[in-house]
Amino acid sequence: MTEQAPAAESDIPGKPTSASRTTLSHIMTHNDTNLLGTVHGGVIMKLVDDAAGAVAGRHSGGPAVTASMDEMAFLEPVRVGDLVHVKAQVNWTGRTSMEIGVRVLAERWNESTPPQQVGSAYLVFAAVDADGKPRRVPPVLPETERDRRRCQEAQIRRTHRLARRKAILELREKRIAEGLGD
């Protein structure tokens with residue numbers, strides 16, 4: 001079900017979840033808004049990708065590129081003046097790829113109310129070398145029960161991603177064999 005090697009069997013030492021966990025914070029301005037006066041979803045997605053990329057680079061010890069983003073959920077609108085916090089961590093690692101989980105929180109810059117979750121996403125990053133070829137990543141070592149649950153959930157999402165990809169490729173091959181094109 002998983003390509004993740006147990007830490008004891010890997011030739012690369014594992015890293016705890018906390019070693020690469022990060023928070024990126026940004027105050028939203030008029031430059032970030034759409035015609036409705038709320039922050040563009042694409043602005044939030046870029047912040048999500050930036051935070052996830054920082055986590056992937058930290059965990060893998062070098063460059064990593066976005067391979068996929070899925071389950072991006074926008075739960076509440078973000079407005080001008082909101083202070084947005086993007087929290088990211090490695091949920092799961094394979095041989096050369098990692099799933100990064102991201103939570104997006106927003107709070108009014110001038111109020112003392114607690115931040116509210118406004119979005120979440122899962123991204124898969126692939127570690128690459130200087131030539132852009134895949135390279136090995138250290139296993140992630142979940143530290144808490146929450147980290148272990150996130151790792152198990154990430155393995156389920158990976159299984160679904162692979163099954164969906166296989167089904168799409170099989171359908172495409174069938175259409176090509178029938179002369180219906182791609």
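Modeller: Contact here means heavy atoms within 4.5 Å. This is a predicted model, in which local features need pLDDT of at least 70 and side-chain atom pairs count only at pLDDT 80 or more, while totals for chains, interfaces and linings use all residues. Residues are numbered from 1 along each chain as its sequence is written, and side-chain values use heavy atoms, with hydrogens and water left out.

Biologist: What is the mean pLDDT of the protein chain?

Modeller: The mean is 92, and 94% of the residues reach 70 or more. pLDDT is the predictor's confidence in each residue, from 0 to 100.

Biologist: Where does pLDDT stay under 50?

Modeller: Over residues 1-8, for which the model has 23 contacts beyond four places in sequence. Where pLDDT is low, the predicted coordinates should not be read in detail.

Biologist: How many helices and strands does the protein chain have, and what makes a run count as one?

Modeller: The protein chain has 2 helices and 7 strands. Both are DSSP runs numbered from the N terminus: helices are H or I with at least four residues, strands are E with at least two. The order from the N terminus is β-β-α-β-β-β-β-β-α.

Biologist: How do you know what span to expect of H1?

Modeller: The expected span is 1.5 Å times one less than the number of residues. Helix H1 (residues 41-60) has 20 residues, and its 28 Å from first C-alpha to last is close to the 28 Å expected. H2 has 33 residues and reaches 48 Å, close to the 48 Å expected. Just after H1, Gly61 takes a positive phi of about 75°; just after H2, Gly179 takes a positive phi of about 75°.

Biologist: Why is Arg161 called buried?

Modeller: Buried means under 20% relative accessible area, exposed over 50%, and partly exposed in between, with a 1.4 Å probe and protein chains only. Arg161 has 14% relative accessibility, so Arg161 counts as buried. Its place is in helix H2 (residues 145-177), where the buried residues also include Asp147, Arg150 and Cys151. The cover over the buried residues of H2 includes strand E3 (64-74), E4, E5 and E6.

Biologist: Which side chains are joined to Arg161 by a polar contact?

Modeller: Asp70 at 2.6 Å and Glu99 at 2.9 Å. A polar contact is a pair of N or O atoms within 3.5 Å; within protein, one must be able to donate a hydrogen and the other to accept it, and residues adjacent in sequence count only if both atoms are side-chain atoms. Leaving aside neighbours within four places in sequence, Arg161 is also in contact with Ser68, Tyr122 and Val124.

Biologist: What makes a set of residues a nonpolar core?

Modeller: The members are buried Ala, Val, Leu, Ile, Met, Phe, Trp, Tyr and Cys residues joined through side-chain atoms within 4.5 Å. The largest such core has 26 residues, and those with the most contacts inside it are Val48, Val84, Ile100 and Val102. H1, strand E4 (82-93), strand E5 (97-108) and strand E6 (116-127) each supply at least two residues of this core, and the largest share, 7 residues, comes from H1.
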